[in-house]
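Subject: Structure handover

Hello,

Here is the structure I said I would pass on. Notes on what was found in it follow below.

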Amino acid sequence: RVMTVLSIVLAASVLLETLLFRLFARGGVYFINDATPSIVKNGYTSLVFTGNTLFNFAALIALLILGLIAMHAWMKRPDPFYIMLSSAVGAVGLIGLSMMLGLSGPFLSVAYYSASSLTLVGVFALVVRGKARLPLKIFVLLMGLSYLVIYLFKGFGLSGPAEVGIGSGSLYALGEWLSVIAFLVMIFLLPNRLDWRTVIIATIGMLLALGMTFGNADSVPLMSTWAFGLTLSLPFIFYAVALWVVIAFVLSAMKNGEVTLATGVLLVMLGHRSIPLTYFNDVVLIGLLFVSMYSRSLDYRLIPAKA
């Protein structure tokens, strides 16, 4: 129950900081100017401040959750697998805390991404040896692989084949394609009959994303890179449909009591693929750990919604 509550707190904080800080703060450059009334400017500043505060709060909660997951895995010893997972997750949290306190250097970076890689190996093992349905296994494996690609050049200096840029066809973009496919695969985990409220909310979210491409097309690549580290190297419709699938899945999972699974998928979606701060990687790892380790039932398909 403690982990469920913390998962909700973290997911809500990350969602709000994404909307208010990563998206709204960046989007403000397109509608705030010298002619903007003071009341609008003050409101904008207050909302951005709130988003920044939630950003810092979520970073601390993420470290706390990593520590709790490491302790939980350690309690399952003498299973060597859980000892390895506990050590890897604990190292991610401790190194992340050290970096948050101001320590830096190549050794810490290599150690952090090495521990993150081991954590993903543990996540792979959890979901493969469990009873998860095939689409959920594919989601975890593809998403994990997409971040291992990033670790190759973020932690181990393989920057040559992985330049980051809008429309990039690099190794970085390949990882992005894997993540989009992972989200699209989750359509096979949706109920046979979706609740109409879920359909409406998911469709509104998708239409808002598509509407940005018509309202202010120049802002979409910049905001996508700023907020999520996306290169948009695929046609935008793929990202919009993936957003629809994620929203529908999260709402359906929440409706059917799979809170930790829902928050896990949401956290993965809200990560930042270029990992400018360890916080973004922590959020993704926690999301994948929630999906693979804390879901109520990995033999999973959402119960069809009642009419």
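Helix α10 (residues 259-269) is mostly covered, with ten of its eleven residues buried; buried means under 20% relative accessible area, exposed over 50%, and partly exposed in between, with a 1.4 Å probe and protein chains only. Helices here are DSSP runs (H or I, at least four residues), numbered from the N terminus. Among the buried residues of α10 are Val259, Leu261, Gly264 and Val268. The buried part of α10 packs against α1, α5 (134-154), α6 (171-185), α9 (236-255) and α11, where contact means heavy atoms within 4.5 Å.

Before the rest, some background. This is a predicted model, in which local features need pLDDT of at least 70 and side-chain atom pairs count only at pLDDT 80 or more, while totals for chains, interfaces and linings use all residues. Residues are numbered from 1 along each chain as its sequence is written, and side-chain values use heavy atoms, leaving out hydrogens and water.

Helix pairs

The axes of α5 and α6 come within 8 Å and cross at roughly 165°; axes are lines fitted to C-alpha atoms, for helices over the stretch in contact, and angles run from 0 to 180 degrees between N-to-C directions. By class, their contact has 16 nonpolar, three polar and no charged residues. Here Ala, Val, Leu, Ile, Met, Phe, Trp, Tyr, Cys and Pro count as nonpolar, Asp, Glu, Lys and Arg as charged, and the others, Gly among them, as polar.

Helix α1 (residues 2-27) packs with α11 at an angle of about 145°, their axes 12 Å apart. The contact includes Met3, Leu10 and Glu17 of α1 and Phe280, Ile286 and Tyr294 of α11. Its residues divide into nine nonpolar, one polar and two charged.

The largest nonpolar core has 86 residues, of which Leu10, Ile65, Ile69, Leu85 and Phe139 touch the most other members. Such a core is a set of buried Ala, Val, Leu, Ile, Met, Phe, Trp, Tyr and Cys residues joined through side-chain atoms within 4.5 Å. Its largest share, twelve residues, comes from α11.

Asn281 lies in α11 (residues 278-294) and is buried, with a relative accessible area of 0%. Leaving aside neighbours within four places in sequence, Asn281 is in contact with Tyr112, Ser116, Tyr147, Tyr151 and Ile275.

Regards

Key. Helix = DSSP H or I, 4+ residues; strand = E, 2+ residues; numbered from the N terminus.
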